[in-house]
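Here are my notes for you to read with the model open beside them. Take them one at a time, and find each part on screen before moving on.

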Amino acid sequence: MFETHLDATYAWLGLAVVSVAAVGVAAAFPASPPPDADGVARTVDSVADGSYPATAEHGIAADRLRLAEGSVSLRDERGTARATLDAPRITPVVRLIAGVTPGAATDARLRRVLDGAPPDAAFDDPASFAAAAERARAADARWTTAPRRITVRRVHYGDVRITLVG
């Protein structure tokens, strides 16, 4: 009545090994998903693809941000996420942050326009606006400290149409 069957012992040992393996796999999963780069890309695309001036904001839950030609990347301790932009060229507006070389920051006039100032209040003419945007696009894409909210603004100044993102 109290005897141990040999096949029952093997079954219990097999169950224990499978349980330990399942716990190991579950522990390897991240606690939460990586940042939402796709949501940021959809916001940028929705503004940049339009024919009219527009502004939108999107919350970011990440530590680092990189805006490059045709993509947006977010990074934090959970991982890195990258999304491709379908929109035409965007102009990244990098904020001046302590510890970052001034050459990495975008023209302060573009920041003013992104923050809501009319382009004719920040620039003398559409050509200088276009030149500042071109310099910002030509800068190397770098990882910067991510703001809590990213702003996307499509601006028209004369014949110049630019989408600012920062």
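1. A word on the ground rules. This is a predicted model, in which local features need pLDDT of at least 70 and side-chain atom pairs count only at pLDDT 80 or more, while totals for chains, interfaces and linings use all residues. Residues are numbered from 1 along each chain as its sequence is written, and side-chain values use heavy atoms, with hydrogens and water left out.

2. Start with the open sheet: its four strands run in the order β4-β3-β2-β6, with antiparallel pairing. Strands here are DSSP runs of E with at least two residues, helices are runs of H or I with at least four, and both are numbered from the N terminus. Two strands pair if DSSP finds at least two bridges between them. At the edges you will find β4 (79–84) and β6 (144–145), each pairing on one side only.

3. Now look at β3 (residues 71–76), which pairs with β4 in the antiparallel sense over six bridges. A hairpin with two residues joins β3 to β4. Across this pairing, V72 stands opposite A83, and L74 has A81 as its bridge partner.

4. Where does S73 lie, and is S73 buried or exposed? S73 is in strand β3, and it is buried, with a relative accessible area of 1%. Buried means under 20% relative accessible area, exposed means over 50%, and partly exposed is in between, using a 1.4 Å probe and protein chains only. Leaving out residues up to four places away in sequence, S73 touches R64, L65, R66, A81, R82 and W143; a contact means heavy atoms within 4.5 Å.

5. Helix α2 (residues 37–48) packs on the sheet, touching β3 and β4, and its direction makes about 30° with that of β4. For such angles, axes are lines fitted to C-alpha atoms, for helices over the stretch in contact, and angles run from 0 to 180 degrees between N-to-C directions. Nine of the 12 residues of α2 are buried, so the helix is largely enclosed by the rest of the structure. Among them are V40, V44 and V47. The buried residues of α2 pack against β1 (54–59), β3, β4, β7 (149–157) and β8 (160–165).

6. Strand β8 deserves a look of its own: five of its six residues are buried, so β8 is largely enclosed by the rest of the structure. β8 pairs with β7 in the antiparallel sense over six bridges, and H156 stands opposite R161 in β8. Their hairpin has two residues between the strands, and there G158 takes a positive phi near 65°. With β5 (residues 91–92), β8 pairs in the parallel sense over two bridges; T91 has L164 as its bridge partner.

7. Finally, the rings. A search of the whole structure finds two aromatic pairs. The centres of the F123 and F129 rings are 5.1 Å apart and their planes are at 50°, so this pair is tilted. Rings of Phe, Tyr and Trp (its six-membered ring) pair if their centres lie within 6.5 Å; planes under 30 degrees apart count as stacked, over 60 as edge-to-face and the rest as tilted. F123 is buried at 2% relative accessibility, and F129 is buried at 0%. Ring pairs link F123, F129 and Y157 into a cluster.
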